[in-house]
Amino acid sequence: MSDGQAAIQISDLVFRYVPGGPEVLRGVNVRIEVGEFVALIGQNGAGKTTLAKHFNGLLKPSSGTVRVLGRDTRTAPVADLARTVGYVYQNPDHQIFAQRVRAEAAFGPRNLGLGPAEVDRRVDAALALVGLQDLADEFAFSLGRGQRQKLAVASVLAMEPPILVVDEPTTGLDQAGSRGILDLLSRWNADGRTIVAITHDMTLVAERVPRTIVVNDGRILADGATRQVLSDTALLRTAYLRPPQATRIAQRLSDLGVAADTLTVTELFTQVSRLLGAPGADTARHGASEANGRTV
Amino acid sequence: MDGVTAVPADDIVIRVRDLQFRYPGAARDALAGINLDVRRGEFVGVTGPSGAGKSTLCLCLKGLIPAGMFGGTISVAAQPVAPGSAYVESSALVFQNPETQIIGLTVAEDMAFGPENLRRDPAEIRAAIPRYLEQVRLSGYQDADTYRLSGGQKQRLAIADALILEPRILILDEPTSELDPIGKDEVFEVVERLRRERSITVVMVEHAAEQLAEMADRIIVLDDGALVDQGPPDELYRNSRLFHRPDAERAPQISEVLFQLVEAGLISADQFTAREETGIERLRSLLMASPSAVVQHV
């Protein structure tokens with residue numbers, strides 16, 4: 001995996017908002033390959049968003065380098081970076097400004113200099129992907145919070161960037177909305193696109209995201225397979241985080257044969273069923289773990 | 001379903017009857033006939049999908065939707081929500097979006113705004129600010145500019161804004177949506193402590209099912225403007241058909257696992273719980289009693 005061009009390659013990144021001020025990022029090294037789906041987790045104020053804003057050149061390193069598909073963000077034209085890295089903001093209302101849903105989704109691709117037919121094609125595709133095709137002519141601000149979040153995602157998808165960064169994509173959404181956004185990101189990732197998601201939702205990370213990076217106090221505290229990272233309770237506590245409830249339960253039952261790196265309800269149910277003597281339950285844990293078993 | 005419970009009338013601090021409300025110009029009711037009684041000191045969790053009417057219910061309970069605009073009746077602390085009603089001083093609302101609420105340039109100014117409006121003693125207000133900031137993990141932030149705070153910090157400030165009013169009734173609309181897991185725990189702990197020390201009544205809209213199941217006396221489920229189900233967490237998550245489906249609102253993971261074990265006939269229904277510690281204890285006893293598990297262990 002280390003051959004070829006990384007989607008994002010960060011070396012010794014140090015960042016201060018004010019020259020001479022405190023270091024918000026304090027020597028970050030990360031390599032994200034093309035086609036990966038990565039979660040950035042960490043407590044409020046850990047530096048996740050500051051780090052992610054370096055991925056599209058919105059912030060530039062105070063020292064160290066950030067390369068996006070090989071190009072240094074300090075010298076690459078902003079327009080090129082905008083084409084390469086789509087960024088969905090934490091609060092959709094910080095992003096949405098057009099009156100109508102369709103106009104909002106068309107703004108990005110039109111700015112890329114695409115012709116009207118191509119803009120229409122992309123807008124239709126993006127709105128369909130998020131399930132807003134029937135609301136294309138509505139006022140953007142008449143949509144509910146979940147729908148506005150989806151519109152913010154669609155507006156970025158319509159630019160068809162090879163790398164997508166989403167900051168807290170499920171905040172304020174109900175379960176159906178959260179799963180809808182995650183399904184969307186998974187489909188987008190299955191098409192070969194690189195996705196970085198900042199989130200507090202350990203359950204969704206456990207169920208969906210193969211690799212997890214823990215940011216703590218401006219540094220990378222851990223970076224690895226989600227199964228390893230999310231089952232390391234002591235490490236997560238250092239970062240003011242904790243494993244999903246299914247993992248916490250499994251760890252308290254590990255002396256009775258439940259795997260301490262259990263990540264999901266399905267995995268926990270399957271193991272407990274087997275231990276309670278349910279017929280035919282013994283192969284299921286393997287199947288359930290495959291979705292998360294991908295190593296980095 | 002009816003949210004009315006049979007308890008003595010003077011123990012009811014919030015009484016809602018046939019509450020109906022439609023936003024001007026909207027095609028359908030945001031609230032379509034809600035009945036709800038909340039007992040003094042009760043912690044009521046409110047859940048349900050986006051657009052169910054949860055935030056609108058909070059606005060009604062706080063009196064922010066004026067009487068005359070809604071149908072039915074609401075009384076809070078035995079006073080009807082009506083023009084000129086003074087009951088609002090006994091309740092505080094933490095809004096879903098903290099930016100709706102934060103108006104001070106600095107954290108201290110923002111926190112002082114509410115109590116100053118209630119004409120509390122300025123010296124007492126100044127003394128109280130650090131205490132409440134500590135409760136929401138913002139110690140030392142008195143002089144910080146509010147616009148520089150992160151989303152999570154703003155959310156915690158909004159909670160401190162409400163707490164400093166020392167309300168008898170605390171209404172919180174998704175107060176932890178932007179907080180990290182420990183931050184969520186801290187908010188729940190603050191609320192729990194206030195209940196213990198001052199027996200305040202809490203109505204809290206929240207998607208964090210696991211914390212809600214630990215803390216709430218009762219959870220009500222709204223959908224499409226109606227109160228569609230309710231109960232103590234252990235009963236609701238066991239019996240309601242609204243959970244344990246892929247697109248359903250999230251239930252505590254312990255309840256998901258136990259629900260599936262009950263449905264599979266592997267454990268009896270009386271083993272079910274939505275609480276983490278109780279669930280772990282029950283699973284432990286069940287596994288220790290199981291011959292297959294002992295083989296695993298050895």
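# Briefing on a predicted two-chain model

The domain assignment divides chain B into domain 1, covering 9–239, and domain 2, covering 252–298. The structure is a predicted model, and the values below are computed from it.

**Domains of chain B**

- The C-alpha centres of domain 1 and domain 2 of chain B are 35 Å apart, and contact between these domains involves 8 residues of domain 1 of chain B and 10 residues of domain 2 of chain B.
- On the side of domain 1 of chain B that touches domain 2 of chain B, helix 6 (209–215) and helix 7 (233–239) of chain B each supply at least two residues.
- That side of domain 1 of chain B consists, by class, of 4 nonpolar and 4 charged residues, with no polar residues.

**Domains of chain A**

- For chain A, the domain assignment gives domain 1 as 8–243 and domain 2 as 244–296, and the centres of these two domains, taken over C-alpha atoms, are separated by 30 Å.
- Contact between the domains of chain A involves 15 residues of domain 1 and 13 residues of domain 2, and the elements that give two or more residues to the domain 1 side are helix 7 (202–208), strand 10 (219–225) and helix 8 (226–230) of chain A.
- Helix 7 of chain A gives the most to that side of domain 1, with 4 residues, while by class the residues of the side divide into 6 nonpolar, 5 polar and 4 charged.

- The C-alpha trace of chain B spans about 70 × 45 × 35 Å along its principal axes, and 49% of the 298 residues of chain B count as buried.
- Of the contacts in chain B between residues at least 6 apart in sequence, 63% join residues at least 24 apart.
- Chain A has 12 helices and 10 strands; its radius of gyration is 20 Å, close to the 19 Å given by the globule rule for 296 residues, so chain A is as compact as a globular protein of that length.
- Along its principal axes the C-alpha trace of chain A extends over about 60 × 50 × 35 Å, and buried residues account for 52% of the 296 residues in chain A.
- In chain A, 60% of the contacts between residues at least 6 apart in sequence join residues at least 24 apart.

**Contact between chain A and chain B**

- Between the chains, 44 residues of chain B are in contact with 37 residues of chain A.
- Elements giving two or more residues to the chain B side are helix 4 (151–163), helix 5 (181–198), helix 8 (253–263), helix 9 (276–289) and helix 10 (291–297) of chain B, and the largest share, 8 residues, comes from helix 9 of chain B.
- By class, the side of chain B that touches chain A has 18 nonpolar, 16 polar and 10 charged residues.

**Phe269(A)**

- Leaving aside neighbours within four places in sequence, Phe269(A) is in contact with Val257(B), Gln260(B) and Leu261(B).
- Ala246(A) is 23 residues from Phe269(A) along the chain, and the C-alpha atoms of these two residues are separated by 9.3 Å.

**Helix 4 of chain A**

- An α-helix has 3.6 residues a turn, so residues three or four places apart point the same way.
- Gly131(A), whose phi is positive, near 80 degrees, follows helix 4 of chain A.

Conventions. Residues are numbered from 1 along each chain as its sequence is written. Chains are lettered from A and ligands numbered from 1 in the order in which they are written. This is a predicted model: local features need pLDDT of at least 70, side-chain atom pairs count only at pLDDT 80 or more; totals for chains, interfaces and linings use all residues. Domain bounds come from an automatic or database domain assignment. Two residues are in contact if their C-beta atoms, placed from the backbone, lie within 7 Å. Ala, Val, Leu, Ile, Met, Phe, Trp, Tyr, Cys and Pro count as nonpolar, Asp, Glu, Lys and Arg as charged, and the others, Gly among them, as polar. A residue is buried if 20 or more other C-beta atoms lie within 10 Å of its own, exposed if 12 or fewer, and partly exposed in between; C-beta atoms are placed from the backbone. The radius of gyration is taken over C-alpha atoms; the globule rule is 2.2 Å times the number of residues to the power 0.38.
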